[in-house]
Amino acid sequence: MIKKIALVFVLLLLVGCHAKKSVIVTQKDDRYNSNRNKKTTVSKPTKSITVNGTVNDYIANYKDVAMSNMKNYGIPASIILAQGILESGAGKSSLAVTANNHFGIKCHNDWKGESVLKDDDAAQECFRKYNDPAESFKDHATFLTGRNRYATLFELPKDDYEAWAKGLRLAGYATDPNYPQKLISYIESYELYQFDSQVLGKKFTLNKKKMESAPVADSQAQGEYEVQKGDTLFSIAKRFNLDIETVKQKNNMIDNSLYVGQKLRLK
């Protein structure tokens, strides 16, 4: 009798242990699946962002600030927005995200505010840090109005964005020889000149200037591609079965910026 009782006790103990192990395994699998699903959910929004969408969002967010600064400081709103888009990657650059610095303005000797260090022309250069992007826009305006080398810009018509773009380059704002054309490309592709017209009280009309381009077929036959309105570095690379870094290396590009009419080597 005692042996039978002992045998039943052992069997019950074994069944209980087996049940506990099953519960542990199930919980472990649930945690793994949950984490895997979280990773998938987080990654999707990042991949869905498009360059054109980002630029349009940037314009919507800062057009009023740009027009206000045009009224107060005399800098065309189109130029302000184009510089912001180009310099900050439409608000997505590390400097814009971490320091609210949308124009790449360095500290200089007269800066008393916060700063961040970032590799640029030299290692670990000092850049201005702002509490809000609007402060960056205001500082950009006072930066241009407060330095003698930019004085000739303010003698130009406020709606002549081409002259302003070229004048910025001549005054030493940027060393990139294509800087004016990049600004002009953004202004014309996204019709930023409409905001100049609004501030000046002029009737807004579409810019009828046509950018001449070589036939795409001829350019492709020569291993070149001329950037068209709406193109991105990603879309071009995908079209020609290349990766972005390969396209950048072939064209000695340091970032993903493009401008309409730019010729890219693809072979």
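## Close-up views of a predicted model

At 27% relative accessibility, cysteine 126 counts as partly exposed, and this residue opens a set of legends for a model that is predicted.

**View 1. A disulfide joins cysteine 107 to cysteine 126.** A disulfide is a covalent bond between the sulfur atoms of two cysteines. In this model the count comes to one disulfide, and its two sulfur atoms, those of cysteine 107 and cysteine 126, are 1.9 Å from each other. Cysteine 107 lies in the loop between α4 (94-99) and β1 (115-118), while cysteine 126 lies in strand β2 (residues 125-128), so the bond ties together parts that are 19 residues apart in sequence. The torsion about the S-S bond is about -65 degrees, and the disulfide is therefore left-handed. Whereas cysteine 126 is partly exposed, cysteine 107 has a relative accessible area of 7% and counts as buried, because buried means under 20%.

**View 2. Helix α3 (residues 77-88) meets helix α7 (residues 179-189).** Two packed helices are described by the angle between their axes and the distance between the axes. Here the axes of α3 and α7 come within 9 Å and cross at roughly 110 degrees, which makes α3 roughly perpendicular to α7. On the α3 side, the residues in contact are Ser78, Ile79, Ala82, Gln83, Ile85, Leu86 and Glu87, and on the α7 side they are Tyr179, Lys182, Leu183, Tyr186 and Ile187.

**View 3. Helix α7 is mostly covered.** Ten of the eleven residues of α7 are buried, among them Pro180, Ile184, Ser185 and Glu188. The buried residues also include Tyr179, Lys182, Leu183, Tyr186 and Ile187 of α7, which are the residues that meet α3. What covers the buried residues of α7 includes α3, α6 (161-170) and α8 (193-200). Just after α7, glutamate 191 takes a positive phi of about 55 degrees.

**View 4. Aromatic rings pair within the structure.** The structure holds ten aromatic pairs. In the pair formed by phenylalanine 143 and tyrosine 150, the ring centres are 6.1 Å apart and the planes stand at 45 degrees, so this pair is tilted. Both phenylalanine 143 and tyrosine 150 are buried. Elsewhere in the model, ring pairs link Tyr58, Tyr62, Phe103 and Phe137 into a cluster.

Notes:
Residues numbered from 1 in each chain as written. Predicted model: local features only at pLDDT ≥ 70, side-chain atom pairs only at ≥ 80, totals over all residues. Heavy atoms only, no water. Axes fitted to C-alpha atoms, helices over the stretch in contact; angles between N-to-C directions. Helix = DSSP H or I, 4+ residues; strand = E, 2+ residues; numbered from the N terminus. Parallel < 35°, antiparallel > 145°, perpendicular 65-115°, else oblique. Contact = heavy atoms within 4.5 Å. Phe/Tyr/Trp six-rings, centres within 6.5 Å; stacked < 30°, edge-to-face > 60°. Buried < 20%, exposed > 50% of the residue type's maximum accessible area, 1.4 Å probe, protein only. Disulfide = S-S within 2.5 Å.
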